[in-house]
Amino acid sequence: MPGSSIERLAHFAAGMAFDALPPEVVERARVSLLDGIGCILGAWSLPEGRWIAERTEAVGGTPEAIIPGGSIAVPVGPAAYAAGTMINLLDFDDTAPMAGHPGAAVLPVVLAVAGLRSHGQECGRTPVGFPADVPGSDLLSALVAGYEVALRVAAAGRPTAEREARIRGHGTWQAFGAAAAAGRLLGLDATQMANALALAALHAPVPFVGRWYQRPVDTLKNNYGWVALGGVQSAMLAAAGWRGNLNVLDGPGGFWEMAGSDRWAAEAIGDGLGTTFQMLQVGHKTYPACWHLGAALVALERILCQRSLAFHLVRRVRIASVGRITNFTDCTPTSPYDAQFSLPYTAAMILLGMPPGPDWFAKDRLTAGEVQSQMAKISVVVDKDLRADLPGRTPARVTVETVTGETWTEEASYPPGDPTAPLSWDQVANKFIRLATPRLGSEQAVGMVQWCGRLGAPDSERPVRPALSRER
């Protein structure tokens, strides 16, 4: 086994055999692919999502890759940047409870580089299909490689709790996963892959998400678009013979210190590499909101559903949780991005029975009197008796008092979609169809679900590959 952490990861990412992947990992990769594409398509509903996609298309250039939901192909780097920015705008994309949003950096790279591999076959025309003639096994292998590299570097460089309270990074670590996914699809060998990962260190953003709790929330949030673009560039430079420092992750002065961490657990890189898959520790969301709000929202929804309570029958809602919940009590969100981190606002959406998705953030809803009246019913408190049963979880106890004086209480340790309670394929497919249909239409959305559900299968009978573009 190669010596440095970079070399070990590169050996794994370049040499991983699709046929050796456990079935549950392949299935999780399919779920993550479908879920992430849905989140990109859903972002077209937001002005910022439309702007970044349309601006990227307007600049133009060599037609190499499609932005999901777009109408023309653009160069591979800008395509990755736009999709990487869009995928996280709704905060509906997948989450590793201790490591941010891994798919946001990896999936846009897979889509863009797969389009590059199809260059000259159908890019530049509409409708543009899901990247042509790239085997499903290659797409899924690139996803798995990207997730594994990103999550292992994140685990190895995770700071102590005291340091993390001041310095946090998501895209910082995920830059390595983006480069691994790009390198895998470009067919880099282990030496080239090692250089791609080493060069990714120079494309990584600073760990700026330590101020995520301050308002207003940055529209760019985690800047995964930059990470995706950097991953593509790193792999392409390595393919052209550029070299990086293969020891960049390890030892004193290593990347972990550059990124603000106070420790480096090198064993997290190699332990179980190729046999134990960190991708199985990724969850998929049922609500377009910060992961830490999910347990409270599902507990509230359960009470309302079990008791058939409409919002006008609810007098008060008390939400008790652990100490970090105090970062989510904003009652005056001024943008969708504030609202995604506001427990009163997102709970009001549950009370009003709004289907989870872009409709939560319609422009006129943030200041609507009906929403404000529901938010006024909600109190959020810290309960020191509540304890997270796993790191990164935010358990909640929700009590609803009705106008007739009845009270109902429900507890939840984590939301549906948590790695310990993964969503079913049908749940993810239904979420995808809700997000994709407004942009692609029902037929294309259903076709994507059918195609993705059998991606990488050994049989030759597969549904027709659907288009990811929107016809002009």
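**Figure 1. Strand 5 and strand 6 as an antiparallel pair.** R397 has E411 as its bridge partner in strand 6. Strand 6 (residues 407–412) and strand 5 run antiparallel and are joined by six bridges. Strands (E, at least two residues) and helices (H or I, at least four) are DSSP runs, numbered from the N terminus, and two strands pair if DSSP finds at least two bridges between them. Four residues lie between the strands in this hairpin, where G405 takes a positive phi near 95 degrees. The model is a predicted one, in which local features need pLDDT of at least 70 and side-chain atom pairs count only at pLDDT 80 or more, whereas totals for chains, interfaces and linings use all residues. Residues are numbered from 1 along each chain as its sequence is written, and side-chain values use heavy atoms, with hydrogens and water left out.

**Figure 2. Strand 3 and its two partners.** Seven bridges pair strand 3 (residues 314–321) with strand 5 (residues 396–402) in the antiparallel sense. A320 has R397 of strand 5 as its bridge partner, and S321 stands opposite A396. Strand 3 is also joined to strand 4 (residues 378–382), by five bridges, and these two run parallel. Here R318 stands opposite S379 of strand 4.

Figure 3. Strand 5 is largely enclosed by the rest of the structure, because five of its seven residues are buried. Buried means under 20% relative accessible area, exposed means over 50%, and partly exposed lies in between (1.4 Å probe, protein chains only).

**Figure 4. The buried side of helix 1.** The buried residues of helix 1 (residues 5–15) are S5, I6, L9, A10, F12 and A13. They lie on the same side of helix 1 because they cover an arc of only 165 degrees around the axis; the arc is that of the directions from the helix axis to the C-beta atoms. An α-helix has 3.6 residues a turn, so residues three or four places apart point the same way. The cover over the buried residues of helix 1 includes helix 6 (136–156), helix 8 (171–186), helix 9 (190–200) and helix 12 (267–270).

**Figure 5. The setting of these views in the chain.** The chain has 18 helices and six strands, and buried residues make up 57% of its 472 residues. Of the contacts (heavy atoms within 4.5 Å) between residues at least 6 apart in sequence, 77% join residues at least 24 apart. The C-alpha atoms fill a box of roughly 70 × 55 × 40 Å along the principal axes.
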